[in-house]
Amino acid sequence: MTPEQIRRVQESFALVAPIADQAAGLFYDRLFTQHPEVRPLFSGDIKRQGAMLMQTLALAVKHLHEPQQIMEPLRALGRRHVGYGVKDEHYPLVGEALLWTLEQGLGEAFDDDTRAAWAAAYGLLAGVMCDAAAEAQAA
């Protein structure tokens, strides 16, 4: 990611953070409406899941400029997701729901450059998780 993309992601996330609970609700509503086949992958309290999602995003966004700080937590998360039944093809569905949620939360501030920056950030994060999941499955 470029420094400009990192700046865009961090600045736009700062606008979303105050509405984290609402954003998480929008995210899961969108994901499950558009892709009901993934709903069974999420057990337990969805509000708690949403809080964990937003905490993970906050950590990742904070460290985008120093990605080595978040690589191992992301790898561990990717390995855990294998046990939940998450497959590589689910990651783009989550990315789509995330971008939609950000667009809803940010409105006009979610311009084409900010969308591209978030797509790059999600691609980086999901790529690390997918690689770790593949390694876990091969072991």
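**Salt bridges in the helices**

Arg-8 and Glu-4 sit four residues apart in helix 1, so about one helical turn separates them. Helices here are DSSP runs of H or I with at least four residues, numbered from the N terminus.

Before going on, this is a predicted model, where local features need pLDDT of at least 70 and side-chain atom pairs count only at pLDDT 80 or more, while totals for chains, interfaces and linings use all residues. Residues are numbered from 1 along each chain as its sequence is written, and side-chain values use heavy atoms, with hydrogens and water left out.

Arg-8 and Glu-4 form a salt bridge, with 3.1 Å between the closest N and O atoms. By salt bridge I mean a side-chain nitrogen of Lys or Arg within 4 Å of a carboxyl oxygen of Asp or Glu.

Is Arg-8 buried or exposed? Arg-8 is buried, at 18% relative accessible area. Buried is under 20%, exposed is over 50%, and partly exposed is in between, using a 1.4 Å probe and protein chains only. Glu-4 is partly exposed at 37%.

Glu-4 also meets Arg-7 in a salt bridge, 2.5 Å from N to O. These two are three residues apart in helix 1, which covers residues 3–16. Arg-7 is partly exposed at 34%.

Both pairs belong to a network of salt bridges that links Glu-4, Arg-7, Arg-8, Glu-11, Asp-111 and Asp-113.

Now helix 4, residues 68–84, where Arg-75 and Glu-72 are three residues apart. They form a salt bridge at 3.1 Å between the closest N and O atoms. Arg-75 is partly exposed at 29%, and Glu-72 is partly exposed at 39%.

How many salt bridges does a search of the whole structure find? It finds eight.
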